[in-house]
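Reader: I'd like to learn how to read a fold from its strands and helices. Could you walk me through one?
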Amino acid sequence: MNETMAGWDDLQLFLAVAREGGLSRAAKVTGRSAATLGRRMLALERAMGRELFIRHDRGYELTAHARQLLGELSEVEARIVRLTAASGDAERPLVKLSAGSWTTLALLDRFDEIAGSPADIRLRFISTEIELDIPHREVVIGVRNRRPSEEGLAGRSLARVEFAAYARADAPERWIKVLADTPSARWLDKKTGNDAVCEVTSPRNSLDLTLAGKGMALLPTFIGDRHASLQRRGGTVTELGHERWIVTHQDDRHLPEVRRTIDRLCRVLGAPHG
């Protein structure tokens, strides 16, 4: 890429447009007019010699090159913040993050990519299947299964979640059942009734038993596919597929530590397809 032809001011404006998803919202953050931002983004694309945005009525969608640039610039921005921060032993800013059991497991597996290297935030993971109150700051960021509709909340779309049955090749064709109030657990309860080799109350335990070859579990594909010893038993369960969103408060998403965390979560959990 030809980033040397682009000035840091334009790159900062790019970060705002990329994070806000359009010119109007970015204008509120940067204090620049939408028309000015539009011209600067066109100039940036010409300077870099590649398209960064897919422009449509709903806003500015990032190209693959732009998503890569967003990740790289976010890390540069984080390093600048660390270098210019006041010296001393000030605590890392705390970011409280809630997500379901499976998403939390995936995030913990890639902790360093989210916390930074060296770590520049302090993460508090709250693993729960219920939605915590973001407006009242029970958490700062929530990973949820739907687009936020409440006033004052903002969201960024992630890759869809799909479910499938997984087992080791030598495992018996018997289900390991999770007892929980979730769509996947309710679907499996209707399918199996009492015909299960084992019942657990923790989703993680169903994965542990499946890896041990004790039976078959219903897992998100982002969990099951990363284990080489497991194979899919059949296709994905269509009715269980759903969206996934990063949700935060409008007032919090501009805080440097929250902004960095959201950008990193997007890289770890994936962008929406299509």
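**Sheet, helix pair and a loop**

Author: Start with the sheet: three strands make an open, antiparallel sheet in the order S10-S7-S11. Strands S10 (217–220) and S11 (231–232) are the edges, each pairing on one side only. Two strands pair if DSSP finds at least two bridges between them; helices (H or I, at least four residues) and strands (E, at least two) are DSSP runs, numbered from the N terminus. This is a predicted model, where local features need pLDDT of at least 70, side-chain atom pairs count only at pLDDT 80 or more, and totals for chains, interfaces and linings use all residues. Residues are numbered from 1 along each chain as its sequence is written, and side-chain values use heavy atoms, leaving out hydrogens and water.

Reader: How many bridges link S7 and S10?

Author: Four, with S7 covering residues 163–167. In one of them, Ala165 has Leu218 of S10 as its partner.

Reader: And how do I read the packing of H2 and H3?

Author: Two packed helices are described by the angle between their axes and the distance between the axes. Here H2 (residues 23–30) meets H3 (residues 34–48) at about 105°, with axes 8 Å apart, so H2 is roughly perpendicular to H3 (65 to 115 degrees; axes are lines fitted to C-alpha atoms over the stretch in contact, and angles run from 0 to 180 degrees between N-to-C directions). Leu23, Ala26, Ala27 and Thr30 of H2 touch Ala34, Leu37 and Gly38 of H3 (contact means heavy atoms within 4.5 Å).

Reader: Where does Pro118 sit?

Author: In the loop between H6 (111–115) and S4 (122–127). A cis peptide bond joins Ser117 to Pro118, with omega about 0°.

Technical notes. Angles under 35 degrees count as roughly parallel, over 145 as roughly antiparallel, 65 to 115 as roughly perpendicular and the rest as oblique.
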